[in-house]
Amino acid sequence: MALPPLVEPAAELTIDEIRRYSRHLIIPDVGMDGQKRLKNAKVLAVGAGGLGSPALLYLAAAGVGTLGIIDFDTVDESNLQRQVIHGVSDVGRPKAESAADSIREINPLVNVIIHNTALDRDNVLELFSQYDLIVDGTDNFATRYMVNDAAVLLGKPYVWGSIYRFDGQASVFWEEHGPCYRCLYPEPPPPGMVPSCAEGGVLGVLCASIGSIQVNEAIKLITGIGEPLVGRLMVYDALEMEYRKIKVRKDPNCALCGENPTVTELLEDYEDFCGAVSAEAEEATQNATITARELKDWQDSGKDVFLVDVREPAEWEINRIPGAVLIPKGEILSGEALSRFPQDRQIVLHCKSGVRSAEALAAIKAAGFKDAVHVQGGIVSWVNTVDPSLPSY
Ligand SMILES: [Zn+2]
């Protein structure tokens, strides 16, 4: 389904612009008209991370006139493997500012607007209303649902992408012409079921594959050319090198864009909607949570601690707490590893940040290890409070 252009053309292109964009101008479908529409377009990138990095670089190079960047995070060394808009000298700087500098270097004709803040329910509607199109590169479900809800409430299209290890997905959600994200995924996955990229990893170049699809779709929407990915989900498998397109229909029962919507304004709390940990895990951690410092004190005092790292082997290769044994969460939840747990020692579980260990703790307690505890904040907290010399990730 072809759609009309999202943006009106700018009055004219300058001589500099005509020179710079000549390879666009000679494509009949883009031409002067399309380039003027790009010039007039205002696009907001949510996140200057894995997807936002390549997306912003190409949106800038393509001549999108106004580019907004919202990101509250700072550049970390572990970002550089995929977030190619940032460089070594940017480590420690706000991502939004670092990205803006790279954009200015690529194309000084772009008006860059920096939003060095977290996207939240108090600013999302006001912010989105200043732009024609949103490019969503968020990596967590709470923000993803909030982006979707805000876009639908404002009647704005947005280009969505997600990445994990070797798998990527992309689509265009535009309530007026097709389904929304909630039509595709009515409910967030149970907490702990879907690991984040920080937990599960992501092949750096996958960001470019999916980010470039997002830019491709953004350009099509702005200029009104081709068939946008509205109502279709692009699924990419980098290992098989396979792209599949799946039809996604508008769900008449969608809580947001369906016939009888129950969500008519932004939710009070998206974190809550997506749930940090499951109810079972929440209950299991009551009076069964220690700090990294307390764990260290237990170890130093000679307490007989059976310390279990429930992360994945690849994470274990990066860093580990002395004295720990590796038993990934999956082996605990399946029951497979339960025989390895001693009855007569103090069981302490930890993961990266405390979410997976809480889930594992619920399973361990259910298996009869009533005194087991987990470490709040996981190995991240251990690095921060006990041993800063350990590498972090
Ligand atoms: Zn919907």
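## Rings, charges and a zinc site

The charged end of K303 sits over the ring of W298, 4.5 Å from its centre; this label asks for NZ of Lys or CZ of Arg within 6 Å of the ring centre and within 35 degrees of the ring normal. The model is predicted, so local features need pLDDT of at least 70 and side-chain atom pairs count only at pLDDT 80 or more, while totals for chains, interfaces and linings use all residues. Residues are numbered from 1 along each chain as its sequence is written, and side-chain values use heavy atoms, leaving out hydrogens and water.

**Another charge over a ring**
- R144 lies over the face of F141, 4.9 Å from the ring centre.

**Aromatic pairs**
- The structure holds eleven aromatic pairs (rings of Phe, Tyr and Trp, using its six-membered ring, with centres within 6.5 Å; planes under 30 degrees apart are stacked, over 60 edge-to-face, the rest tilted).
- One of them joins W160 and F173, a tilted pair with 5.8 Å between centres and 55° between planes.
- Ring pairs also gather Y145, Y158, W160, F173, Y181, Y185 and F273 into a cluster.
- W160 is buried at 1% relative accessible area, and F173 is buried at 2% (buried means under 20%, exposed over 50%, partly exposed in between, with a 1.4 Å probe and protein chains only).

**The zinc ion**
- Its protein donors are the SG atoms of C180, C183, C254 and C257, lying 2.3 Å from the ion (donors are N, O and S atoms within 2.8 Å of the metal, or 3.2 Å for Na, K and Ca).
- The site is tetrahedral, with angles of 93 to 121° among its four donor atoms (all angles must lie between 85 and 135 degrees).
- C180 and C183 are both buried.

Notes. Four donors count as tetrahedral if all angles lie between 85 and 135 degrees; four count as square planar and six as octahedral if opposite donors are over 155 degrees apart and all others between 65 and 115; anything else is irregular.
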